[in-house]
Amino acid sequence: MTAREEPERDALRGLGRERVLLSLPADARFGALARMCASALASQLGFAVDEIEDLRLAVDELVISTTAGATPQARADLEFVFSDELLEITCTASGVVADDDEEEPDSGDAGILPQRILSERILDALTEAHAIERQSISTRRGWIQVRRTVGDRDARG
Amino acid sequence: MNDVLTVSVARDRGVPVVTAIGEVDVSTAPLLRDGLLGVPADEPLVVVDLSEVTFLDSTGISVLVAARKRALGASVRLVVTRPQIAKVLEVTGLASQFEVVAARREALPARS
């Protein structure tokens with residue numbers, strides 16, 4: 001579920017860029033807060049309106065994918081790191097105990113394309129790169145990178 | 001936190017119309033699912049009006065796909081006016097599974 005080499009992603013870290021941290025209960029009701037935070041940040045960074053809409057959806061899918069199988073005590077910690085053109089968002093979910101094979105949400109019908117695949121298709125389309133990985137039996141980490149269009153920034157002067 | 005989606009079911013020109021207003025995400029998708037389950041399975045045509053839906057994620061898409069499967073041979077027409085909602089259907093490769101129209105009047109049979 002990755003579209004970019006790991007070393008290139010790691011090169012974005014540790015360069016003194018601004019960080020924004022958001023810690024939430026890993027509860028579906030709080031997903032809107034992650035979207036709001038992402039859109040507010042992107043707006044300040046000069047993302048275009050349609051890019052912000054894409055980002056909201058990408059962050060939503062990131063949180064859904066990372067927190068699948070969350071227990072009531074689970075947390076989702078989001079980190080936003082941005083440079084001029086690239087916004088990287090990492091979501092670390094602790095207290096997710098389901099095995100990967102058990103994570104599929106009930107779609108209400110057999111034979112329907114798994115939601116995980118739908119989510120992956122959305123992230124494929126809307127992000128520069130993305131990945132979801134299990135770090136331990138109870139922790140999962142996902143990240144996305146979203147690029148701001150250069151022309152849009154220049155247009156803002 | 002309050003739900004940010006309202007779902008209603010009504011008939012227009014004899015056709016069941018499920019209207020959603022707000023954001024469809026993992027938290028609110030069950031409301032849309034419940035609305036769709038309120039439509040009898042043997043209806044030949046079901047219209048789902050998403051023109052006032054401002055956000056739709058993969059959980060919402062899953063609910064729509066489940067409704068289409070439940071409808072068996074019936075038509076499920078989606079009213080989609082916002083580009084972002086159309087884009088979600090497109091990138092998931094599911095736009096072709098529905099009849100997508102740009103206005104409710106296009107989704108309903110002509111008045112006799």
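Trainee: Why is A:Asp54 called buried?

Mentor: A residue counts as buried if 20 or more other C-beta atoms, placed from the backbone, lie within 10 Å of its own; 12 or fewer make it exposed, and anything in between partly exposed. A:Asp54 has 22 other C-beta atoms within 10 Å, so it is buried. This is a predicted model: local features need pLDDT of at least 70, side-chain atom pairs count only at pLDDT 80 or more, and totals for chains, interfaces and linings use all residues. Residues are numbered from 1 along each chain as its sequence is written, with chains lettered from A and ligands numbered from 1 in the order in which they are written.

Trainee: Where does A:Asp54 lie?

Mentor: In helix H3 of chain A. Helices (H or I, at least four residues) and strands (E, at least two) are DSSP runs, numbered from the N terminus. A:Ser39 is 15 residues from A:Asp54 in sequence and 9.4 Å from it in space, C-alpha to C-alpha.

Trainee: What makes the contact between H2(A) and H3(A)?

Mentor: Residues are in contact if their C-beta atoms, placed from the backbone, lie within 7 Å. H2(A) gives residues including A:Ala38, A:Ser39 and A:Ala42. H3(A) gives A:Leu55, A:Val59 and A:Val63, among others. The two helices pack at about 145°, axes 9 Å apart. Axes are lines fitted to C-alpha atoms, for helices over the stretch in contact, and angles run from 0 to 180 degrees between N-to-C directions.

Trainee: What is the order of strands in the sheet, and what is the pairing?

Mentor: The open sheet has five strands in the order E1-E2-E3-E5-E4 (chain A), with antiparallel pairing.

Trainee: Why do E1 and E4 of chain A stand at the edges?

Mentor: Each has a single partner strand, so one side of each is left without a neighbour in the sheet. The twist averages 15° from one strand to the next.

Trainee: What makes E4(A) and E5(A) a pair?

Mentor: Two strands pair if DSSP finds at least two bridges between them. E4(A) and E5(A) pair over seven bridges, in the antiparallel sense. A:His130 has A:Ile144 of E5(A) as its bridge partner.

Trainee: Which strands does H3(A) touch?

Mentor: E2, E3, E4 and E5 of chain A. H3(A) packs on the sheet, with its direction at about 165° to that of E5(A).

Trainee: How many residues of chain A are in contact with chain B?

Mentor: 22 residues of chain A, with 22 residues of chain B. H2, H3 and H4 of chain A each give two or more residues to that side.

Technical notes
Two residues are in contact if their C-beta atoms, placed from the backbone, lie within 7 Å.
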